Every structure is written in C-alpha cells, then in structure tokens.
Amino acid sequence: MIIETREDVVRLSGTLHKNQWMTIKAAANLLLVEHPEGIIVDCSHLAEISEQGAKTFLEAMRDIESAHSRIIVANLPEQIMSVCRSIPGVRSQLPIADSVELARASLRAVKTVHHAAHSTDSTKRGALLFVPLLADIDLSYGVAVAQQMAAGSKSEIRLVYMLEVVRTLPLNAPMPEQEEDASSTLKQVRAIASPSQGQLVEHVERVREEIDGIVTTAKAQNADKIVIGLAKAPEQGEESDKVTRLIEVLIKRAHCEVVIARKNQSE
C-alpha cells in the first residue's frame with residue numbers, strides 16, 4: 001500500500017489487506033495539526049481491501065473522533081464499499097462522501113470559529129455562556145441577553161447549532177443541506193451579535209436529538225450557564241411543544257444554571 005498526503009487528504013493506493021492505521025496515524029496526526037476540523041481519506045486509487053484492512057477505517061475513526069475531530073472517507077470504489085458494508089462496525093459508523101470536494105465542504109461547514117472581542121488572559125477566564133441555536137426560540141434575543149450578561153467580563157459566549165443526525169447515518173456523515181442550514185443560521189446570528197461584548201465562539205454539535213443534545217453538550221463543554229431567549233408570549237399564552245419540552249428538560253436535567261429570558265411585550 002502507498003500512502004500520500006496533501007493538504008487535508010491522505011490518499012491510499014494499492015491493496016489494504018491488514019489494519020494499517022498505525023502506519024497511517026503519524027501522517028494523519030500531522031495533517032490534523034494544520035486542519036483540526038478533520039481530514040479526508042481518499043480511496044480512489046485503492047484496488048483491494050480485506051476485512052482486516054477495512055478495520056483500518058474503524059480504528060482511525062475511534063482515534064480521531066476521541067480527539068474531537070472528524071474523518072471522512074471519500075471516493076470508495078464499489079468493490080471496496082461492498083467489503084466495508086459487510087463489517088458491522090465499519091458499516092454503521094463510517095462517514096462516506098462521494099468526492100474529496102464534498103468531504104472538504106462538510107468539514108469546513110461545521111468547524112468551530114472563534115471571534116475574540118479582546119485578548120483574554122487564559123489564567124483569568126470568565127464564565128462560559130452556552131447559547132443553543134434552535135428553531136422556535138428567539139435567537140437574536142438569546143444572544144442579546146448573553147452579551148448583556150458578558151458585558152465587562154472575560155466571559156465566552158458559545159453559539160451552538162445543534163445539527164440533528166438521524167440514527168440510520170453515522171454521526172459524522174456529510175449532510176450538505178443540514179450543514180448549509182447550520183452555516184446560514186450562524187451567519188445570521190453573527191450579523192446581529194455585537195463584536196465588542198464577550199468572546200464569541202461558533203460551534204456546530206452533531207447530535208441524535210436536539211434537546212437531549214443541549215443537555216449533554218453543555219455538560220461536556222463545562223458550561224456555567226445555558227441561555228435561552230423567548231419571543232413575546234403568543235396570544236394563546238402557550239409555547240410550542242418543542243419549547244415546552246426544552247424548558248422541562250433543562251429544568252430537570254441541566255447541570256448548570258439555566259437562564260430563560262422572555263422579550264418584554266412592549267419591545
């Protein structure tokens with residue numbers, strides 16, 4: 001087997017008859033330094049693969065995802081795809097793209113982006129304010145409240161888009177339409193946020209279910225507060241089913257303080 005690297009791509013050529021991850025790992029780790037959002041394995045020149053060889057991908061996924069990055073396999077020839085589909089762990093977990101270009105678009109669409117309002121002293125960081133971006137809640141008001149809370153401090157405001165992935169797909173599978181929605185929403189929120197109030201961090205989190213994902217992600221990221229903005233009360237005096245469930249789940253399960261702010265009726 002021949003291993004070549006260029007930019008964010010590891011290209012495999014020849015035959016893959018045994019688990020070669022330890023051989024590939026050093027090259028992959030070098031690419032991840034320059035491309036922390038993830039790397040691509042191009043299999044367009046791979047001629048043969050065995051069951052043991054396919055486990056290269058499984059071990060690679062475990063290593064790279066444990067480091068909070070992504071790996072996408074691209075250009076799998078049909079005969080290689082057939083072998084991968086026959087192996088349960090690989091079949092259910094392997095993120096696959098039809099081309100290197102589509103894989104790269106997916107990686108770049110969901111990377112974490114930092115917007116620092118000022119230089120921060122890493123020894124004196126403020127609170128982490130976790131602002132989930134969901135339909136049915138008032139994104140602009142939620143961000144405004146978080147920025148008011150962060151004013152004059154070194155708090156980080158983390159704007160987190162919850163990208164819901166159906167269980168029939170690997171969690172890191174490329175999803176062009178949903179990724180475009182995520183990018184569009186983050187762009188919209190970025191346009192309304194004040195760049196001078198708090199350090200803004202844009203992040204896309206892939207989850208199986210949006211509301212449960214908020215709870216687990218906020219805890220995993222050690223958030224100090226979860227901030228939810230609500231629009232003016234509807235005429236019926238009732239929230240949507242999603243917002244009602246969101247509030248109930250946060251009150252019962254959130255590990256940290258939850259701030260639920262409703263826009264004043266007069267605004």
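I'll start with two strands: β8 and β9 pair in the parallel sense over nine bridges, where pairing takes at least two DSSP bridges between two strands. This is a predicted model, so local features need pLDDT of at least 70 and side-chain atom pairs count only at pLDDT 80 or more, while totals for chains, interfaces and linings use all residues. Residues are numbered from 1 along each chain as its sequence is written, and side-chain values use heavy atoms, with hydrogens and water left out. Helices (H or I, at least four residues) and strands (E, at least two) are DSSP runs, numbered from the N terminus.

Back to β8. In β9, V201 stands opposite R158. R158 of β8 also stands opposite F130. Strand β7, residues 128-133, pairs with β8 in the parallel sense over six bridges. With α6 between them in the list, β7 and β8 make a right-handed β-α-β unit; right-handed means that, with the strands pointing away from the viewer, the path from the first strand over the helix to the second runs clockwise.

How many residues of β8 are buried? Eight of nine, with buried meaning under 20% relative accessible area, exposed over 50%, and partly exposed in between, using a 1.4 Å probe and protein chains only.

K154 sits in the loop between α6 (139-150) and β8 (156-164). K154 has a relative accessible area of 31%, so it is partly exposed.

Now the pockets. On a 1 Å grid over the protein atoms alone, a pocket is an open set of points where a 1.4 Å probe fits, with protein on both sides within 12 Å along at least five of seven lines; lining residues have an atom within 4 Å of a point. The largest pocket has a volume of about 750 Å³, volume being the space filled by probe spheres set on the points, which are joined across faces, edges and corners. Of its 24 lining residues, H68, S69, H203, V204 and E205 are the closest to the centre. The largest share of that lining, five residues, comes from β9.

The second largest pocket has a volume of about 220 Å³. Its lining includes I96, D98, P174 and E180. Two or more lining residues each come from β5 (96-97), α5 (100-109) and α7 (176-192).

Last, H35, in the loop between α1 (21-34) and β3 (39-49). H35 counts as buried because its relative accessibility is 17%. Leaving out residues up to four places away in sequence, H35 touches E7 and D8, contact meaning heavy atoms within 4.5 Å.
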